[in-house]
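Could you walk me through this fold, strand by strand?

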Amino acid sequence: MSGTSLIGGGTVSPNPGSGWKAIGTGDFNHDGHSDILWQNANGQAAVWEMNGNTVIGGGSLCLDPGPGWKAIGAGDFTGAGNSDILFQNMSSGQVAIWDMRGTSVIGGGSLGADPGPTWHAIGTGGGQGSPDILFQMRSGA
């Protein structure tokens with residue numbers, strides 16, 4: 001894309017399979033190209049390092065958050081130039097960040113403020129080193 005104009009694109013291959021969902025994009029390997037963050041129904045997360053629509057590396061993450069944790073999005077929460085991953089526990093509402101270098105988790109942990117189970121993290125955004133987290137109250141709460 002260039003603004004609102006499509007300037008290229010194509011199918012990304014290989015197909016990860018029907019059990020995987022694309023969660024978002026970020027630059028996990030600090031090469032200036034957007035990579036794809038995936039998560040399957042069992043909670044396993046993976047990163048495809050990309051150059052355009054070509055997979056150039058990546059794979060499953062070295063740790064598995066488990067089925068209770070949902071990947072929400074990516075952002076450079078540490079200011080290191082690599083995207084990190086925001087997760088939320090779908091039962092308790094607890095939010096955690098994994099500090100990433102490619103597909104390796106090198107740090108991270110739970111956020112100090114626990115929003116509780118009535119709040120759902122729905123996205124990340126903002127500048128390098130200081131992304132924000134958008135929360136929405138779950139319906140019926």
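This is a predicted model: local features need pLDDT of at least 70, side-chain atom pairs count only at pLDDT 80 or more; totals for chains, interfaces and linings use all residues.

Residues are numbered from 1 along each chain as its sequence is written, and side-chain values use heavy atoms, with hydrogens and water left out.

Let's begin with the sheet order E1-E2-E3-E4, an open, antiparallel arrangement of four strands. The strands are DSSP runs (E, at least two residues), numbered from the N terminus, and two of them pair if DSSP finds at least two bridges between them. Strand E1 (20-26) and strand E4 (54-60) are the edge strands, each pairing on one side only. From one strand to the next the twist averages 25 degrees; axes here are lines fitted to C-alpha atoms, and angles run from 0 to 180 degrees between N-to-C directions. E1 and E2 run antiparallel and are joined by six bridges, with lysine 21 standing opposite glutamine 39 in E2.

Now for the other open sheet, with four antiparallel strands in the order E5-E6-E7-E8. Strand E5 (69-75) and strand E8 (104-110) each have a single partner strand, so one side of each is left without a neighbour in the sheet. Neighbouring strands are turned by 25 degrees against each other on average, direction ignored. Going across, six bridges join E5 to E6, and glycine 75 is opposite aspartate 84 in E6. Four bridges then join E6 to E7, where glutamine 88 faces valine 95. Finally, E7 (residues 95-101) pairs with E8 over six bridges.

Which residues of E6 are buried on each side? Asp84, Leu86 and Gln88 are buried on one side, and Ile85, Phe87 and Asn89 on the other. Buried means under 20% relative accessible area, with exposed being over 50% and partly exposed in between (1.4 Å probe, protein chains only). That makes six of six residues in E6 buried.

Now zoom in on glutamine 39, which lies in strand E2 (residues 35-40). It is buried, at 7% relative accessible area. Its side chain reaches the backbone oxygen of tryptophan 69 at 3.0 Å, and a polar atom of that side chain lies 2.7 Å from the backbone nitrogen of alanine 71. A polar contact is a pair of N or O atoms within 3.5 Å; within protein, one must be able to donate a hydrogen and the other to accept it, and residues adjacent in sequence count only if both atoms are side-chain atoms. Leaving aside neighbours within four places in sequence, glutamine 39 is also in contact (heavy atoms within 4.5 Å) with residues including Trp20, Ala45 and Phe87.

Over at the turn, E6 and E7 form a hairpin with five residues between them, and glycine 93 there has a positive phi of about 90 degrees. Glutamine 94 sits in the loop between these two strands and is buried, at 15% relative accessible area. Among its contacts beyond four places in sequence are Trp69, Phe87 and Asp114.

How many salt bridges does the structure hold? There is one, and aspartate 99 forms it with arginine 101, with the closest N and O atoms 3.0 Å apart. The cut-off is a side-chain nitrogen of Lys or Arg within 4 Å of a carboxyl oxygen of Asp or Glu. Aspartate 99 is buried at 14% relative accessible area, whereas arginine 101 is partly exposed at 31%. Across the sheet, the bridge partner of aspartate 99 in E8 is glycine 107.
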